[in-house]
Amino acid sequence: MSADVELQGVSIAFGDFYAAKNVNVKIEAGEFFSFLGPSGCGKTTLLRAVSGFLEPSEGKVLIGGQNMSGIGPNKRPTSLIFQNLALFPLMSVADNIAFSLEVRGVSKQARRKRADELLDLVALNGQGDKKVHELSGGQKQRVAIARALAVEPEVLLLDEPLSALDLKLRQKMRTELRAIQQRVGITFIYITHDQGEALTMSDRVGVMNDGQLEQVGSCYEVYQAPSTPFVATFVGENNAFSGKVEKVSKSIAKVNVEGTSFSGSVGRTTLGDPHPVGVGDDVIIFVRPESLSLAKGAKAPKNNFSADIETIEFEGNLKNIYLKSNKNKSIRFSVPSVFDTSDLTPGSTIELSFATESAIVLPSGPLALD
Ligand SMILES: Nc1ncnc2c1ncn2[C@@H]1O[C@H](COP(=O)(O)OP(=O)(O)OP(=O)(O)O)[C@@H](O)[C@H]1O
Ligand SMILES: [Mg+2]
């Protein structure tokens, strides 16, 4: 069984400070949904309100259409995996997994059977008799997942469960978590500050900033069509050029950036309508590093500018080229590693351009901090 989770106008205050502000979202039954945002933006606080460890100051949480107000964590159809896992190190793997069943009075034999089924599910077959302290980080992670699933929750809540693992293992566990979610078919609510994690696993992502949910959408939407400057710069890399609108026609805005005109597509609000930008408005035009190209030899040059190469960084599949514009603005340009960059040497000046359709114009607002 899987349930939907709805947050209706949820605000959570600690004294005068609001850690969550008017959060509205409906997470569908069986969905893998991630709340993505920087440290301190209120992710754990929101998850605690869903699990029942905390009551919202305003608004309500509904699970399976039922108002959860006043219902404690043990009475909710949720199970929470904490960041530090909170396993019992000296107990066997099977006893850890079946712990909550023991509390509920399930017989020893039935507990062991269920633990073995769950060990199969998380690819730890036959490891039930090991002690938890004998396991690797990734294996402990899987035990924590199995333990959380033992109570057959309708919604599994995961609070940055992979943050203690190294990069390779994190990537492997992402794929496994997604596969486990599809096998059990229940709702997963995952929180993370790692956009790579959110984008690879989720059906939809909610991007949070400072207690507010700035945008909810598919991974593709939040990356390709950010609604706010914060989302544009928190999810993936982006070059941001601030300027004033000179002209708007058919959702294309011409923007004056320190004397140079750039054109880009007007971004959409979270409701899906184009942002109402007009002549004279302060805006930011966003161009992803991979949307820039060398302007050399281009006919009818448009959206062109020159910049000086500072450094070139090799990142496996990509090369990142860091530049400074003549207005001393930092710019990042990336190309696939197979691209020949032998004539792009630090200190040289190159001409770059971008397609109008690949640039997004949004009303000015705060950017994500690097
Ligand atoms: N019990 C509390 N009392 C007072 N302030 C709190 C309490 N719990 C959280 N906060 C504050 O609320 C804000 C959000 O905290 P929260 O733990 O939800 O952030 P987070 O997004 O989970 O961050 P991280 O990614 O670092 O875990 C922070 O400023 C934090 O200091
Ligand atoms: Mg947290």
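Mentor: What follows begins with the ligand and then turns to the sheet and the domains. Please keep in mind throughout that this is a predicted model. The residues around ligand 1 are Phe14 and Ala19, then Gly37, then the run of Ser39, Gly40, Cys41, Gly42, Lys43, Thr44 and Thr45, and lastly His193. Helix H1, which covers residues 43–51, gives the most to this shell, with three residues. Sorted by class, the shell around ligand 1 holds three nonpolar, seven polar and one charged residues.

As for the sheet, four strands form an open arrangement in the order S2-S1-S4-S5, with antiparallel pairing. Strand S2 (17–27) and strand S5 (66–67) stand at the edges, and because each has a single partner strand, one side of each is left without a neighbour in the sheet. At the S5 end, strand S4 (residues 58–63) is joined to S5 by two bridges, the two running antiparallel, and Ile63 stands opposite Gln66 in S5.

On the scale of the chain, the domain assignment gives domain 1 (5–224) and domain 2 (229–363), whose C-alpha centres lie 37 Å apart. The contact between them takes eight residues from domain 1 and six residues from domain 2. On the side of domain 1 that touches domain 2, strand S9 (204–209), strand S10 (212–218) and helix H7 (219–224) each supply at least two residues, and by class that side has four nonpolar, three polar and one charged residues.

Technical notes. Residues numbered from 1 in each chain as written. Chains lettered and ligands numbered in written order. Predicted model: local features only at pLDDT ≥ 70, side-chain atom pairs only at ≥ 80, totals over all residues. Pairing = 2+ DSSP bridges. Near = placed C-beta within 6 Å. Nonpolar A, V, L, I, M, F, W, Y, C, P; charged D, E, K, R; others polar. Domains from an automatic or database assignment. Contact = placed C-beta atoms within 7 Å.
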